[in-house]
Amino acid sequence: MALEDYEIVIGLEVHAELKTESKIFCGCSTRFGDRPNSHVCPVCLGMPGVLPVLNKKALEYAILAGLALNCEIAEWTRFDRKQYFYPDLPKAYQISQLDYPICYRGFVEIPVDERLGTGVRRVGITRVHLEEEAGKSVHSGTSLLDSTYSLEDYNRSGIPLIEIVTEPDLRSPVEARRFLETLKLLLEYTGVSDCKMEEGSLRCDANVSLRPKGETGFGVRCEIKNMNSFKAVETAIQREAERQAELLDAGQAVVPETRGWDETLGSTVFMRSKESSSDYRYFPDPDLVPIVVERDLVERLRGLLPEMPQQRRRRYVEELRIPEYDAVLISGSRPLADYFESVLAVYDGPAKVVANWIMGEFLRLINQRKIEIREAKISPERFAALLKLIDKGQISASAAKEVLEEAFDTGEDPNDIVERRALKQISDQDELAAIVDKVIEANPRAVEDIRSGNHKAIGFVVGQVMRETRGQANPKVVNQLIRERLGL
Amino acid sequence: MELISKPIHELIGLLETRAISAEELVRQFLDRIDQVEPKLKAFISVDREGAIRAAKAADQARSEGRACSRLAGIPVALKDNICTKGIPTTCASKILEGYMSPYDAYVVERLRSEEMVIIGKTNMDEFAMGTSTENSAFFPTRNPWDLSRVPGGSSGGSAAAVASGEVPAALGSDTGGSIRTPAAYCGVVGLKPSYGLVSRYGLVSYASSLDQIGLLTGDVRDCAIMLRVIAGHDSRDSTSVQTEPVDYEANLDEEVAGMVIGLPKEYYGAGIDPKIMELVLEAARTLEGLGVRVEEVSIPTLDYALAAYYVIAPAEASSNLARYDGVRYGCRYDRATDSVSMFMETRGRGLGLEVKRRIIMGTYVLSAGYYDQYYRKAQQVRTLIRRDFERVLQHCDALITPTTPTIAFKLGEKTEDPLSMYMSDVCTVAANLVGIPAISLPCGMHEGCPVGVQLMGRKFDEARLLRIAYAYEQASGLQMKKAPVA
Amino acid sequence: MGLTVDDVRQVARLARVSLSDDELESFVVDLNKVLGFVAKLEELDTTNVEPTSHVVSLKNVMREDRVQPSLTVEEALANAPDRSGDYFRVPRILETDQ
């Protein structure tokens, strides 16, 4: 058998950092990138005598995440201690949730991998639970294997995390990547997490197994760790599936293992066997009291959720009448969608016009300047004002691009920029007619060409008018006038 | 004037009227410490300079007429598992030798806000695990009444310090009897408050669901005064309850006639020294003489309390002590070349035998395959014990029992057999399992050693409990006298 | 009971506590005695009894998401057995720790 004869069964375990101001069990700042060990206190250092107190916002964010993932929200939840020894774990236990996670039994829908079929795949979310981050180890040497010492920075220790576990419902590496992209989008919409794998605010482990097509039982699975991007997740799962297929084809069994993705080797490598997996000795944390989750709170939080990507996409297509492609692109980023809608709110022209400019010039400038959408200085109102100028024919499209770029960087009113830089387009018929007549008179040969059927020469005449007006003539009006004057 | 045998409630008056100065007071206690410490060894650290400085500051405030607490200048000692800035907090363990906490425990903040003088940190069983203070990694403390005997544990240093006049009051901690047992053995008053009444923030955890900070004092009135200082809600402890501040001293001498006190027959079985039984029953009769109705009750699940305790406490301890790994603080075994052996040797060498024993035990009962059979089972039995106590405390205002099955035993007598040591806790552990307040009071002497009677009350009903204790104390005429420390 | 020297050795490893051979042997005896003693818990019928995890009936104890002052880097590292600059330093980490 070859890999195509097997069905790949994938489950993902994702950890996402929550964007609270302070840590989950103490008041230290969660800010990233500052001096090592500058955001620590006795609690997140696990010093003798300290006790944890839950950050309300972390709980609320976890519930929001659960709602975005269509989960049920527990009526009663509590924390458990997960015990193991590692230098980056200050208390030698992680406060986590085992038996009563805050959210459970949800789902996310993604498009099925086209090579497997069509339609939508419903990926079950087994649970979403709260836990705390550990500190960060920096190893001397080039890798863990050849280091002689490690350095510990506990700034990250105690940052709130949600752990999201899926049912083994994914069926291909492509679907795994799609799931992650969808998850990132959903969490971005709720505002609870940045989900930046490259920055460490999102981590993903995968459980991969194979079974002959048509079978319903599960094969032996391996856990894959150490994947640093969505692409790496896709590639790693692919390689692992190939590895397992090779073993099974050779009549060998897959051994339950934890394997690490090695980017340079392009394969997964053995880390540890599952037989010797840790006994975490979970028990309910006696220092934290249970949480009764009032339904009022859940409903209030549900009300705080923005319109989610799927609904937004549908509304853009059905109500705003913009193409599916545009709808997908714009709704694919909450800040972009919000900006788009803010412009629409103050612009009375067609949504497609806004969409074009947002997807085109606006996004180009965002990418070029490498900034976040909220850092763009041009307000939605001013953006709409610019579009209005174009609609009224007061500036040309190319002039508008220049104005947009300037307003993007300075926030200045487009009207002022147009004034200041004298970019106003001349659209006045009478004014232009006079110039057109002048140019026609001055270019008899071109006129001859036009009259004899060479309509390309119209462009030349338009060009001359543009020269006369130093580019400010409205080319559409000029073109129309020329045709009129020459009786075309 | 000799001050070391005076209770706090008298010292307050003397300070207020300027009959004495705080400096004079503190110096007397420091002299007493110098005098008896060589034999007693109740202290791990004595902060002589800090104490005199604080005493002088209190005198200054009073002489300048500045508002200050009535307790300002009065010295107090703290068990060495309570975090203090500026004085090491060692928990009597090599692994924390020299450790300087960057923060004060809640109770220490409260003592400082009353301008009391923290005179030093007292000896204890390492990490509060023990019943004799012989498990201290540094040295044992001796019983002031008989230096060949133990002072009890794990707050042995605090009890011995109060009993011998080194300090008028001391804070201890009680997880299975660690305040009450030494109180009984040393002849002082020892109170374990209701769980949740006193913040555990800054108490080095042994068993989180059982630990409470409490008091060792010379008499009940002092205990009431000090309880008001340390009780109170603390937002840094999620298990700290919000209660209205109570003036425990206010109604101390109110009538106790008409109250009902239960005598749980399971506490009076085999294993209790008959002479102790006799003294405790005499105490019950004294209370009857005051109009209290004493009736026999039965708490059948009591027989399982010790077993439940010795599963739950080591389990939680094994988790709470896992952080002592040599990475961020404490002593580290520095000849390890990898993290695993560093952890193993740091803990293997830095932790004492009893601590290691309980960690192994606790790890075992939490491990896969054994959790349900041991830890979960013990917590279920705990629920049954709680229900039993709740039933009995419906109509009983308090319960009266011996505090310990024997008088203080000789040093070294029980160290070879851990299980026999554990048996000393048989009368005390239930109060921790259930979370109710319990107080030990001197009720007589036997073979030259003090004997304690224990009263247990309803949750957060310390006011009533202290009233009963006070009534007994006054009627018995057995207010503590300071041990001569021969 | 059934605790063997191997059992205790394994648990000691799990708990990261080194034991001398003498300690190992005596612990086997002690622990078996204690386990024998606590076995009496099985005499009680605990069907449908909720385990106690707290003796206070508090619920929903939480704090606002507000940043509070942290320790200074020096304070944080003040008790460090070994440090390098702003970091705590430890000998090389073995993967099997996790």
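Predicted model: local features only at pLDDT ≥ 70, side-chain atom pairs only at ≥ 80, totals over all residues.
Local features were taken at pLDDT of at least 70 and side-chain atom pairs at pLDDT 80 or more, whereas totals for chains, interfaces and linings use all residues. Residues are numbered from 1 along each chain as its sequence is written, and chains are lettered from A in the order in which they are written.

In chain A, nine strands form an open sheet of mixed pairing, in the order β3-β7-β8-β11-β1-β12-β13-β14-β15. Strands (E, at least two residues) and helices (H or I, at least four residues) are DSSP runs, numbered from the N terminus, and two strands pair if DSSP finds at least two bridges between them. β3 (72–73) and β15 (267–273) of chain A each have a single partner strand, so one side of each is left without a neighbour in the sheet. Within this sheet, β13 (residues 222–225) and β14 (residues 257–262) of chain A run parallel and are joined by three bridges. K225(A) stands opposite G260(A) in β14(A). Helix α3 (residues 230–249) of chain A lies across β1 (6–17), β12 (202–212), β13, β14 and β15 of that chain. The helix runs at about 25 degrees to β12(A), the angle being taken between N-to-C directions on a scale from 0 to 180 degrees, with axes fitted to C-alpha atoms.

An open sheet of four strands, with antiparallel pairing, has the order β9(A)-β10(A)-β3(C)-β2(C). Four bridges join β10 (residues 149–153) of chain A to β3 (residues 87–91) of chain C, and Y149(A) stands opposite P91(C).

Between chains C and B, 52 residues of chain C are in contact (heavy atoms within 4.5 Å) with 64 residues of chain B. The two chains bury about 5300 Å² between them, 69% of it on carbon and sulfur atoms; buried area is the accessible area (1.4 Å probe) lost on being put together, summed over both parts. In chain C, L41(C), V55(C) and N79(C) lose the most area to chain B, together 13% of what that side buries.

The structure holds five cavities of 30 Å³ or more, a cavity being a set of points on a 1 Å grid where a 1.4 Å probe fits but cannot get out.

Definitions and conventions
Heavy atoms only, no water. 1 Å grid on protein atoms, 1.4 Å probe; cavity = no way out; pocket = protein on both sides within 12 Å on 5 of 7 lines; lining within 4 Å. Points joined across faces, edges and corners; volume = space filled by probe spheres on them.
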